[in-house]
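The sequence and structure come first, followed by notes on selected parts.

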Amino acid sequence: MKSKRMTVSELKARVTETGSPFFSRNNMKHSGDTMSNYGCSGKPIEIMDVLGNTRLVYELWRKRSAYAGLHASAYFDAITFKQVFIKR
């Protein structure tokens, strides 16, 4: 049985349930971003977080650079939907 792909709207709903301000109106306005500028990996991908742990996450990527050149992806845990910061 195939699992359903995560959409940007579904990811936003799950992340908002955690109490994260990531998608808040003020945060989006401050960064000069809109929901239509985002894409989602759809299926969880494996990354290494800042602590060196391997995690399954959804990647939220920007289609175009936002205010002040913001273009980095954001990552959210596939189970808890809390933001994960990656090791660069």
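## The largest pocket

In this predicted model, the largest pocket holds about 170 Å³ of space. Two elements, β4 (74-77) and β5 (83-84), each give two or more residues to its lining.

The residues that line the largest pocket are F22, R62, A72, S73, A74, Y75, Q83, V84, F85, I86 and R88. By type, the lining has seven nonpolar residues, two polar ones and two charged ones.

## Helix α1

Helix α1 spans residues 8-17, and V8, L11 and V15 in this helix are buried. Around the helix axis these residues cover an arc of only 60°, so they sit on the same side of α1. An α-helix has 3.6 residues a turn, so residues three or four places apart point the same way.

On the face turned away from the buried side, α1 carries the exposed residues S9 and E17. Just after α1 comes G19, which takes a positive phi of about 90°.

## S41 in a loop

S41 belongs to the loop between β1 (38-40) and β2 (45-48). Is S41 buried or exposed? S41 counts as buried because its relative accessible area is 18%, and the cut-off for buried is under 20%.

Leaving aside neighbours within four places in sequence, S41 is in contact with R5, V57, Y58, E59 and W61.

Terms used: Residues numbered from 1 in each chain as written. Predicted model: local features only at pLDDT ≥ 70, side-chain atom pairs only at ≥ 80, totals over all residues. Heavy atoms only, no water. 1 Å grid on protein atoms, 1.4 Å probe; cavity = no way out; pocket = protein on both sides within 12 Å on 5 of 7 lines; lining within 4 Å. Points joined across faces, edges and corners; volume = space filled by probe spheres on them. Helix = DSSP H or I, 4+ residues; strand = E, 2+ residues; numbered from the N terminus. Nonpolar A, V, L, I, M, F, W, Y, C, P; charged D, E, K, R; others polar. Buried < 20%, exposed > 50% of the residue type's maximum accessible area, 1.4 Å probe, protein only. Contact = heavy atoms within 4.5 Å. Arc of directions from axis to C-beta.
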